[in-house]
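Let's take a friendly walk through one protein model, starting with a helix and then visiting some side-chain pairs and loops. Keep the 3D view open as you read.

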Amino acid sequence: MATLADPSVTLTDGLASALERVAAIHPECDLANPGTPSATVAVLRQRHGVLDYLVLADSPVVLEGVSGDHTVITDLRVDEVLPELRAEVEQHETHTSGHREALQRLVLAQRQVRNTPDGYWVAGANMEAARHCVTGSAKIGNVRSAAVMSDGVSRLVTEYKMATWEQVFTTLRAEGPSGIIRAVRKTEATDPTGRRWPRYKSGDDATVAYCCW
């Protein structure tokens, strides 16, 4: 955030700098280990009448246009790797031994292709990941509001199909982020073992930042 306070710094360069700095303060760690902590990234920055956005992995930025349209910026490359192992996980209900074992196999396999040309990219110890982000910009005059969120929220639309983006933004305006998170949890409570919506766990982290002008 400190780096990106300078509007002349691109979001890509800002993220690369942040990754390099964090790695540098952990010289005692084996940062080449495939299990090194990593995270998705979603950034929205207002700059001189422009909204810059950056997404790395599946935490999306959604822009609501002044005409009511919605533009979803996301990075779903992780969904394209290891489809056989993903399918195996989805064959099992959550909270079962079969599900836990299949998920462990998937996670271990994902670590081997994470942040490689043959896999997918997330923010980790390798600053090269910043060069593989989805980036762009939009004129702020064309945007009514925006939401930056984790995929634990966006799945209400993309996976559960229990809301449209229009409905999500209507809820955000009326009830704020807590309102849409309640809607996600209420939906997940109707399918606690993943029969209707196969998934890695009953409920994922759900975070939203809502911005309006």
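**A bent helix**

Helix H5 covers residues 165-189, and its end C-alpha atoms are only 21 Å apart, whereas a straight helix of 25 residues would span 36 Å at 1.5 Å a residue. That expected span is 1.5 Å times one less than the number of residues. Helices here are DSSP runs of H or I with at least four residues, strands are runs of E with at least two, and both are numbered from the N terminus.

Before going on, please note that this is a predicted model, in which local features need pLDDT of at least 70 and side-chain atom pairs count only at pLDDT 80 or more, while totals for chains, interfaces and linings use all residues. Residues are numbered from 1 along each chain as its sequence is written, and side-chain values use heavy atoms, with hydrogens and water left out.

Where does H5 have its kink? Look at Glu-175, shortly before the proline Pro-177: the kink there is about 130 degrees. The bend at a residue is the angle between two fitted axes, one for the seven residues ending there and one for the seven starting there.

Several residues of H5 are buried, among them Trp-165, Phe-169, Leu-172, Ile-180 and Val-184. Buried means under 20% relative accessible area, exposed means over 50%, and partly exposed is in between (1.4 Å probe, protein chains only). The buried residues of H5 pack against strands S3 (61-65), S4 (70-73), S6 (143-149) and S7 (208-212), and against helix H4 (151-158). Contact here means heavy atoms within 4.5 Å.

**Charged partners**

How many salt bridges does a search of the whole structure find? There are 14 of them. A salt bridge needs a side-chain nitrogen of Lys or Arg within 4 Å of a carboxyl oxygen of Asp or Glu.

| Pair | N to O distance |
|---|---|
| Asp-52 and Arg-47 | 2.6 Å |
| Arg-195 and Glu-93 | 2.5 Å |
| Asp-204 and Arg-155 | 3.5 Å |

Take the salt bridge between Asp-204 and Arg-155. This pair links distant parts of the chain, with Asp-204 in the loop between H5 and S7 and Arg-155 in helix H4, 49 residues apart. Both Asp-204 and Arg-155 are buried. Salt bridges with shared partners join Asp-151, Arg-155, Lys-201 and Asp-204 into one network.

The salt bridge between Arg-195 and Glu-93 has its own setting. Arg-195 lies in the loop between H5 and S7, and Glu-93 lies in the loop between helix H2 (83-90) and helix H3 (97-113), 102 residues away in the chain. Arg-195 is exposed at 65% relative accessible area, while Glu-93 is partly exposed at 27%.

**A buried alanine**

Ala-206 also sits in the loop between H5 and S7. Its relative accessible area is 16%, so Ala-206 is buried. Ala-206 and Asp-151 are 55 residues apart in sequence, yet their C-alpha atoms are 7.2 Å apart in space. Leaving out residues up to four places away in sequence, Ala-206 touches Ser-150, Gly-152, Val-153, Ile-181 and Arg-185.

**Rings that pair**

The structure holds 2 aromatic pairs. Rings of Phe, Tyr and Trp (its six-membered ring) pair if their centres lie within 6.5 Å; planes under 30 degrees apart are stacked, over 60 edge-to-face, and the rest tilted.

Tyr-160 and Trp-197 have ring centres 4.8 Å apart and planes at 40 degrees, so this pair is tilted. Tyr-160 lies in the loop between H4 and H5, and Trp-197 in the loop between H5 and S7, 37 residues apart. Tyr-160 is buried at 2% relative accessible area, and Trp-197 is buried at 9%.

Phe-169 and Tyr-210 form an edge-to-face pair, because their planes are at 70 degrees, with centres 6.3 Å apart. Phe-169 is in helix H5 and Tyr-210 in strand S7, so the pair ties together parts 41 residues apart in sequence. Phe-169 is buried at 0% relative accessibility, whereas Tyr-210 is partly exposed at 21%.
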